[in-house]
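Visitor: Hi! Can you walk me through this one? I'm new to reading structures.
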Amino acid sequence: MAETILEAEDIEYSYADGTKALRKVNMAVHRGEKIAVLGSNGAGKTTLFLHFNGILQPERGRVRFRGQDISYKGAKLMELRRKIGIVFQDPDSQLFSASVLQEVSFGPMNLGLSEAEVRRCVDKALQATETSDLIDRPTHMLSFGQKKRVSIADILAMEPEVIIFDEPTAWLDPRHAREFMQILDELSQQGKTIIISTHDVDLAYSWADKLFVMKQGQVLTEGKPEEVFCRQDVIRAADLNLPWLVETHFEFIRIGLLPPSSCLPRTKEELYESLDRVQRNIG
């Protein structure tokens with residue numbers, strides 16, 4: 001059975017104005033999983049993420065990392081934030097140093113590593129995000145896409161076990177969004193546990209191992225993507241749409257192009273293969 005690396009148990013949290021942001025949220029993340037948390041704006045996704053690395057502390061409930069309740073004390077909290085990194089939606093809220101080298105070096109330097117070890121961490125992070133050529137560039141001179149990549153390098157230099165991405169493809173054009181998700185796939189292949197928030201149902205459906213659907217601070221449902229999107233009443237309740245693959249699949253069944261027993265495709269290639277098999281059988 002896969003190890004549970006990160007867990008929220010009955011988390012409750014309210015904003016300063018009394019608005020209930022999280023309502024008894026339960027979530028278990030296994031090591032190496034690709035998790036997508038789906039929900040419209042205000043669902044509580046970002047607030048939950050800020051609990052995962054101790055930026056926020058729950059009013060009730062608990063957060064566990066590797067089976068242990070997280071500590072909010074100085075040294076232990078710093079270690080937690082090294083192991084669980086968050087890449088925010090807007091890179092300008094994360095990048096603050098004058099140059100890329102200074103920016104990506106900041107975290108490892110604060111861990112008390114030697115100069116040689118800091119440079120090793122920096123070079124490895126820049127290579128993973130294909131930003132080595134930007135090392136001497138001022139951060140304010142970078143394009144938005146470059147800032148997004150450097151913000152990942154920022155976190156990778158700390159060598160985390162879990163990386164959380166808040167709306168990772170927001171404001172990116174389709175090409176840069178695809179490239180960004182390829183980086184996430186490569187990190188997953190290296191053994192990192194990846195969690196993203198998104199309201200992009202197509203991205204979540206094709207990419208994630210497991211989905212959590214949230215609305216108004218609650219988890220409405222969870223499961224494998226093909227299971228979750230068969231619960232159309234829950235998807236509607238969360239103000240989400242069906243992925244185009246799922247909607248097309250159901251329509252093909254309705255008009256008789258596919259049998260009702262056909263499995264939901266996870267890629268367009270799988271959908272085309274299902275149609276091709278049916279046509280071959282007819283022929």
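Guide: Start with two terms. Helices (H or I, at least four residues) and strands (E, at least two) are DSSP runs, numbered from the N terminus. Two strands pair if DSSP finds at least two bridges between them. Now some ground rules. This is a predicted model: local features need pLDDT of at least 70, side-chain atom pairs count only at pLDDT 80 or more, and totals for chains, interfaces and linings use all residues. Residues are numbered from 1 along each chain as its sequence is written, and side-chain values use heavy atoms, leaving out hydrogens and water.

Visitor: Okay. What is the strand order in the open sheet of six strands?
Guide: The order is S6-S7-S8-S3-S9-S10, and the pairing is mixed.

Visitor: Which strands stand at the edges there?
Guide: Strand S6 (84-87) and strand S10 (218-223). Each has a single partner strand, so one side of each is left without a neighbour in the sheet. Neighbouring strands of this sheet are turned by 20° against each other on average, direction ignored. For such angles, axes are lines fitted to C-alpha atoms, for helices over the stretch in contact, and angles run from 0 to 180 degrees between N-to-C directions.

Visitor: Which helix packs on this sheet, touching S6 and S7?
Guide: Helix H5, residues 144-156. Its direction makes about 170° with that of S6. Touching is a matter of contact, meaning heavy atoms within 4.5 Å.

Visitor: Tell me about S8. How many of its residues are buried?
Guide: Six of the six residues in strand S8 (residues 193-198) are buried. Buried means under 20% relative accessible area, exposed over 50%, and partly exposed in between (1.4 Å probe, protein chains only).

Visitor: Which residues are on which side?
Guide: Thr193, Ile195 and Ser197 are on one side of S8, with Ile194, Ile196 and Thr198 on the other. Both faces are covered. In a regular strand the side chains alternate between the two faces of the sheet.

Visitor: What does S8 pair with?
Guide: Strand S7 (residues 162-166) runs parallel to S8, joined by five bridges. Phe165 has Ile196 as its bridge partner in S8, and Ile163 stands opposite Ile194. Strand S3 (residues 34-38) also pairs with S8 in the parallel sense, over five bridges. There, Val37 is partnered by Ser197.

Visitor: And the open sheet of four strands: what is its order?
Guide: That one goes S2-S1-S4-S5, with antiparallel pairing. Strands S2 (20-30) and S5 (68-69) stand at the edges, each with a single partner strand, so one side of each lacks a neighbour in the sheet. Helix H1 (residues 45-52) packs on this sheet and touches S1, S2 and S4. The direction of H1 makes about 60° with that of S2.

Visitor: How many bridges join S1 to S4?
Guide: Five, between strand S1 (residues 4-14) and strand S4 (residues 60-65). In this structure, Glu9 stands opposite Arg62 in S4.

Visitor: New topic. Which residues touch the most other members in the largest nonpolar core?
Guide: Val104, Phe165, Ile196 and Phe229, out of 51 residues in that core. Helix H6 (residues 174-189) gives the most to this core, with six residues. Another core, of 30 residues, lies apart from it, and includes Phe49, Leu50, Leu77 and Phe212. A nonpolar core is a set of buried Ala, Val, Leu, Ile, Met, Phe, Trp, Tyr and Cys residues joined through side-chain atoms within 4.5 Å.

Visitor: Which residues of H10 are buried?
Guide: Leu245, Val246, His249 and Phe252, in helix H10 (residues 244-254). Seen down the axis of H10, its buried residues fall within an arc of 125°, so they line one face of the helix. That arc is taken over the directions from the helix axis to the C-beta atoms. Their cover includes helix H7 (201-207) and helix H11 (268-282). After H10 comes Gly256, whose phi is positive, near 90°.

Visitor: What about Glu270: where is it found?
Guide: Glu270 is in helix H11. At 33% relative accessibility, Glu270 counts as partly exposed. The C-alpha atoms of Glu270 and Leu245 are separated by 9.7 Å, and the two residues are 25 apart along the chain.
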